[in-house]
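Please read the points below with the sequence and the model open beside you.

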Amino acid sequence: MAAFVIRRILWMFLVLLALSIIVFTLMHAVPGGPFDQEKPLPEKTKEILAEKYNLNASVPEQYLSYMSDILVPRITYGKQPPSAAFDYLVTIPLPAMFGDQATIRWVNFGPTYKSRSRSVNDIFRDNLPISFQLGAFAVAIALAIGIPLGIISALKRNTVYDYMGMGVAVLGVSVPVIITAPVLQYIFAVQFKVVPVSGWGAPNQMILPAFALGFASSALIARLTRASLLQVLFEDYIRTARAKGLAERRVVIMHALKNSMIPVVTVLGPLFAALVTGTFVVETIFGIPGLGKFFVTSVTGRDYPVIMGTLLLYAFILILANLMVDVMYAWLDPRIRFD
Amino acid sequence: MNKGKYLGLVMVLAMTLTLIVGVSAQEMKVIHTGVGMVGGDPESIDPNLNEASQGNNIIRTMYIGLTTQDEETGDVVPGLATDWSQSEDGLTWTFNMIHDIPWAKYNADTDTVEQVMDEAGNPRYVTANDVVYSWKRVLDPATASTYAYVPAEFVVNGTAVMAGEASVDDLAVKAVDDYTFEITAPEAVGFATNIYGLWMVNPVPQWAIEECGDSWTEADCMPSYGPFVLKDWSHDESITVVKNPFWPGTDYVPQAQADEVVFHFLDPQTQFAEYQADTLDAINPPIEELDRIKSDAVLSQELSIGTNPCTYYIGINAEKPVVGESVHLRRALSYAVDRQSIVDNVTKGGQIPAQWFSRPGLNAAPTLETNPDLGAKFDVAKAQEELTLALDELGVASAADIPTITLAYNDSSGHAAIMQAIQQMWSTELGITVQLDPRDPSTYFSSLSEDAPQLYRSGWCQDYPDADNFLRGVFRSDSQQNDPNFVNADFDALVDEARLATDTEERRALYAQAEEILSVDQVGMIPIYWYTAVQMTKPYIERTYSVVNREAYENWNITQ
């Protein structure tokens, strides 16, 4: 198992490297640049900006310089200029014997063209934790609604409970969050004023957005749980368990449910990665300062370092989440081996 | 005896009551606003770097120029300068600044605004040196300020410094003494006082910028001197400014009445929901909701439609086939657009049908009162008359034989509906079929600069509030913004003359003549509408409404 995990992590770096090359090439191939705007800037100003952000170099050169800022640790001496362009995620001050204020600096995802005072690292520091909280909360809600709903529907299949449960699931799948979010907001925040309309920080500000996000995903989980559990309930070993005289609750929870979770866990990986890196619509509607909008605005604004940073982050979390899923498989079904 | 006892009790009660009332009267007055804030996190609140009206609204609370604009009339009034004088030749301006205005900063530990002291422990004051530093910093190519080209034209060597051909020390700016600032312009332009008050040349603190670098605009570093001081910047969420007790208040920019102003960066629909939940005090309502707001007895009372110094128009590339070949065709197209119907049925924000380019309300621009008949108006009879002449000019038998004309637009924020309405009008009134060409918004404007199509949707907002910025800035034959390749010697001569003229009415008359050439004689563009600022404000807010697209929050108060 350990060898498997290590191999997968090494693969992950290769995948990220390949992805970074593809994305970097594609985004520079798309017409338009970061400083095109309604009022065209004077040529001179554009030149100055291109110079400042190293946009005049060839694309391979720009790529190498970008990657080396992220990957290669450097040692600096003396006081560094306080600039968003010199913002490193890892800074380790060295003892005085190595030189004047010697510091190891590592991982710089670059500036954002849209804000002079912030860097991509700042966006990760400020906005990612918020999206992560919201996403994790939403996944928890999705599971808390989806799994019981699926179990009830499976156990009481073709009864009114099943139809109601699956009705809710169909609603969740088919009504997009761009509808549910403002409706929830209007009912609970504007009309009844039981929760704030927007914002982030207080627990009561998290309820509506997390519910709106989680509800849509819970529908998917409920349907998968139901289908999978139905299949498992007809397996021989379930019949054996019942024949041994185990209580029905124990049969379902200990024997059937665990084994029926494989399809659910499979979708959970990508779902988790998508939710914790931010969701544009929900964050916009609820005024949440998360990461979601940067996936969209960076592309429309051709903000190259932000495009790269957000996509690499998303890919990184997606691969890690899928790795977790694979490890979960082995626990859920001991027959699965990765050697 | 008993009486005395009761008297004591009553006195204690009365005192307690006074205390309670006293405390509640001291309650913090915090204004929550979303006006002009729908664009997300501001790109910058550094005066030298900001280029958007959003940042401008925030900067205006903390920084005041040498001159400033009266927000209700648009007039240039004293800001940080008490008075100024112009040299004989009209080139050199001398500004006398208010003495002893301290730099102030918010201290999060004590929750108070404090004066900033220098190394020696003396208060730092806003001086002419800060103004000089600001000019040098904004024009320095290393700063890469995107708006530097506006002030660059109004100081000797400005454009050369921007181009890297001269050093910032060659700029003709000088601190004669701590409170006297002198600047020399390459041309004697009367409205230069307006430029010298713009946000990008507001005094900025060299010591803070050198200490904190790019992040000097964060709350832990940014000092200011105006009616408010930065307290908090929660990125992508809000900016809070707090009253600066050290701003002395002037006749034109008084001390702030509210204790704090919080700017919230929200989507229009979310803003509106917050407003309805009574958590935002002033907003720009979403256009989709305007019908409902206008028909609602309460909400309609809180709605205000003011001016916004922008013009929406259709540009015509004079070098393109068909539209470039026939001035009569261009006139026919312009006369056939029913602007009133567009603002009533499509945009619905109370916009004003435009007859010419420069937005009325700008300094020296013609207005509907001074020049009611100027420019292009919807007139079917005239349109058809011009169409007949156009057919001769183009050598075709009927409108259906006119070769295809393309109308391009950036496919965002409701432009499609307006373009379709205009396409429909041309088809109905003239029988001309125009093809629509929706384009990717992110590359639309650069595509215009490279090669503008026959017809294209565009807009222009003021850089500085003078008709010069519109007419000379966009349509002079050598202007960099002249995408439509509009070339007319008379027009150029008129805008040049108006630029240097000093009497406002004389300038207005010259601009009116230029507008007549641009929108009627030559039809270099088709004006559609003049923008409005649609706002909603809670009844308990006492405020002024700005006509210059930057609110003066020091004049806002909560009355309840």
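1. Start with B:N96: its bridge partner in β9(B) is B:T180. The two strands concerned are β5 (residues 92-97) and β9 (residues 180-184) of chain B, which run antiparallel and are joined by 5 bridges. Keep in mind throughout that this is a predicted model.

2. These two strands belong to an open sheet of 4 strands in chain B, in the order β4-β5-β9-β8, with antiparallel pairing. Its edge strands are β4 (81-86) and β8 (173-177) of chain B, and each of them pairs on one side only. On average, neighbouring strands here are turned by 20 degrees against each other, direction ignored. As background, the strands of a sheet pair through backbone hydrogen bonds, in either a parallel or an antiparallel way.

3. A helix also lies across part of this sheet. Helix α3 (residues 128-139) of chain B lies across β5, β8 and β9 of chain B, and runs at about 170 degrees to β8(B).

4. Chain A has an open sheet of its own, made of 3 strands in the order β1-β3-β2, again with antiparallel pairing. β1 (74-76) and β2 (90-93) of chain A stand at the edges with a single partner strand each, so one side of each has no neighbour in the sheet. Within it, β2(A) and strand β3 (residues 103-106) of chain A pair in the antiparallel sense over 4 bridges. Which residue of β3(A) is the bridge partner of A:I92? The partner is A:I104.

5. Two helices of chain A are worth a look. Helix α5 (residues 160-174) and helix α7 (residues 203-233) of chain A pack at an angle of about 130 degrees, and their axes are 7 Å apart. From α5(A), A:G165, A:A169, A:G172 and A:V173 take part in the contact, and the residues they meet in α7(A) include A:F215, A:A219 and A:R223. By class, the contact of α5(A) with α7(A) has 7 nonpolar, 3 polar and 1 charged residues.

6. The axes of helix α11 (residues 339-347) and helix α13 (residues 415-430) of chain B come within 11 Å and cross at roughly 140 degrees. α11(B) and α13(B) are therefore also oblique to each other, and α11(B) passes α13(B) in a right-handed crossing. B:I342, B:V346 and B:T347 in α11(B) meet B:A417, B:I418 and B:A421 in α13(B). The residues of this contact are 5 nonpolar, 1 polar and no charged.

7. At the level of domains, the assignment for chain B gives domain 1 (38-269 + 538-558) and domain 2 (307-533). The centres of these two domains of chain B, taken over C-alpha atoms, are separated by 34 Å. Domain 1 and domain 2 of chain B each give 14 residues to their contact. On the side of domain 1 of chain B that touches domain 2, there are 8 nonpolar, 5 polar and 1 charged residues.

8. Last, the two chains. How many residues of chain A are in contact with chain B? There are 40 residues of chain A, in contact with 39 residues of chain B. Among the elements of chain A that each supply at least two residues to this side are α4 (120-155) and α6 (177-191). By class, the side of chain A that touches chain B has 16 nonpolar, 13 polar and 11 charged residues.

Methods. Residues numbered from 1 in each chain as written. Chains lettered and ligands numbered in written order. Predicted model: local features only at pLDDT ≥ 70, side-chain atom pairs only at ≥ 80, totals over all residues. Pairing = 2+ DSSP bridges. Axes fitted to C-alpha atoms, helices over the stretch in contact; angles between N-to-C directions. Contact = placed C-beta atoms within 7 Å. Nonpolar A, V, L, I, M, F, W, Y, C, P; charged D, E, K, R; others polar. Parallel < 35°, antiparallel > 145°, perpendicular 65-115°, else oblique. Left-handed = near helix turned anticlockwise from the far one by under 90°. Domains from an automatic or database assignment.
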